[in-house]
Every structure is written in C-alpha cells, then in structure tokens.
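Here are a few friendly notes to read alongside the coordinates.

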Amino acid sequence: MINKTRNVIYTAVFSAMIFVLTAVLHVPVASGYVHFGDALLYVSALLLDMPWAIIAGALGEGFADFASGFGVYAPATIIIKILVSLLFALSKREKLLCKRSAFMTVPAGLLTVGGYFIADLIISREYAVADIPGNVIQAVGSAVIFVILAAALDKIRIKDKIRIQ
C-alpha cells in the first residue's frame, strides 16, 4: 500500500509540474503554443515505473491543452505523449542521462512533430504545414532542456534520494 501511495503521489507531482511547464510557461505561436513540458515528461518517464510514467505525461500535457484553449488537441496529445513516455520508460538505465536517453529525444521529437502534423490534418488542414516549425522548435528545445536537467539531476543523484517503486 505504501508503494502504491508513493507512486500515486509522484505521478500527481510530475503531472502537475508537466502541466505548469506546458500550460503556464509556454510561448504562443500562430496556431498554438511552444512549450518545454516534454523535457520533464522525459525525466518522469525515466524515473517512474509503468504505468505511472504514462499517466503523468498524458495527464499533465492533456490537461494543459484544455487549460490553454486547445482542448481539441487533447486526444492527439494524450496519444502522442503516451508513445513518447513509452520510448523513455523502455530506455531506463542507472542514470537519467546516458547515450540511450539522449538519443531517445530524436524519435520522441519525430513522434511529436509527426503526431501533431497528423492531428492538424484531421483537425485543421490549414495549419498542418504551418505548425511544423513550432513543433520542431519544441522538440529540439525540449531535448536540450532534458539533457541539461537530466545531467543536473544525475549530479545530485536524484535516483538515490527518492525511492520510486
């Protein structure tokens, strides 16, 4: 029971932090916004066990779409973030930042850009191509922030300080 409670608490905390980085700390662009909540989603997927990692990312970013006035994108966001979370959750190592996790930012970025391109084709064709640059900026920015954040968290040995099971 203690482990389940701990997992729920960590999931809620990560979900809330991802929400803030996505919904509150974002830059509006023509058809949406660019955010760096994905960087924290990557970290949470490397720290939390399944299915908690998926839940944290999907809830944090899905609710951010609703809070930011882009609820129509929430289903696509949830699907995309589940897939991205799976990429990172399946690449866990002793440290958050390793060659494998750094490399995972590439397919995660491709999933993000491609996923939102498909979503735009379904939701609003006129923005499908126009959204690509913003999604690329988000993916690259999130990768850079992830590398910096993961290195800092590894330096303070975050995995030793919190017990996630």
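This is a predicted model: local features need pLDDT of at least 70, side-chain atom pairs count only at pLDDT 80 or more; totals for chains, interfaces and linings use all residues.

1. Helix α1 has 23 residues, and from its first C-alpha to its last it reaches 32 Å, close to the 33 Å expected at 1.5 Å a residue. Its buried residues are Arg6, Asn7, Tyr10, Thr11, Phe14, Ser15, Ile18, Thr22 and Ala23.

2. Next, the packing of α1 on α3. Two packed helices are described by the angle between their axes and the distance between the axes. Here, the axes of α1 (residues 2-24) and α3 (residues 52-67) cross at roughly 35° and come within 8 Å. The crossing of α1 and α3 is right-handed. On the α1 side the contact is made by Asn7, Val8, Thr11, Phe14, Ser15, Ile18, Phe19, Thr22 and Ala23. On the α3 side, the residues include Trp52, Ile55, Leu59, Glu61, Phe63 and Ala67, with Gly57 and Gly60 also taking part. Sorted by class, the α1 and α3 contact has 12 nonpolar, six polar and one charged residues.

3. Buried in α4 are Ala74, Ala76, Thr77, Ile80, Lys81, Val84, Ser85, Phe88 and Ala89. Which helices cover the buried residues of α4? The cover includes α2, α3, α5 and α6.

4. In soluble globular proteins, nonpolar side chains tend to be buried together. The largest nonpolar core in this model has 29 residues, of which Tyr42, Val43, Leu48, Val84, Phe88, Leu96 and Phe146 touch the most other members. At least two residues of this core come from each of α1, α2 (37-47), α3, α4 (74-89), α5 (99-123) and α6 (132-155). The helix that gives the most to this core is α2, with eight residues.

5. Is leucine 153 buried or exposed? Leucine 153 counts as buried because its relative accessible area is 17%, and the cut-off for buried is under 20%. Leaving aside neighbours within four places in sequence, leucine 153 is in contact with Val43, Leu96 and Ile158. Leucine 153 and leucine 97 are 56 residues apart in sequence, while their C-alpha atoms are 8.9 Å apart in space.

Key
Residues are numbered from 1 along each chain as its sequence is written. Side-chain values use heavy atoms; hydrogens and water are left out. Axes are lines fitted to C-alpha atoms, for helices over the stretch in contact, and angles run from 0 to 180 degrees between N-to-C directions. Helices (H or I, at least four residues) and strands (E, at least two) are DSSP runs, numbered from the N terminus. A crossing is left-handed if the near helix is turned anticlockwise from the far one by less than a right angle, and right-handed if clockwise. Contact means heavy atoms within 4.5 Å. Ala, Val, Leu, Ile, Met, Phe, Trp, Tyr, Cys and Pro count as nonpolar, Asp, Glu, Lys and Arg as charged, and the others, Gly among them, as polar. The expected span of a helix is 1.5 Å times one less than its number of residues. Buried means under 20% relative accessible area, exposed over 50%, partly exposed in between (1.4 Å probe, protein chains only). A nonpolar core is a set of buried Ala, Val, Leu, Ile, Met, Phe, Trp, Tyr and Cys residues joined through side-chain atoms within 4.5 Å.
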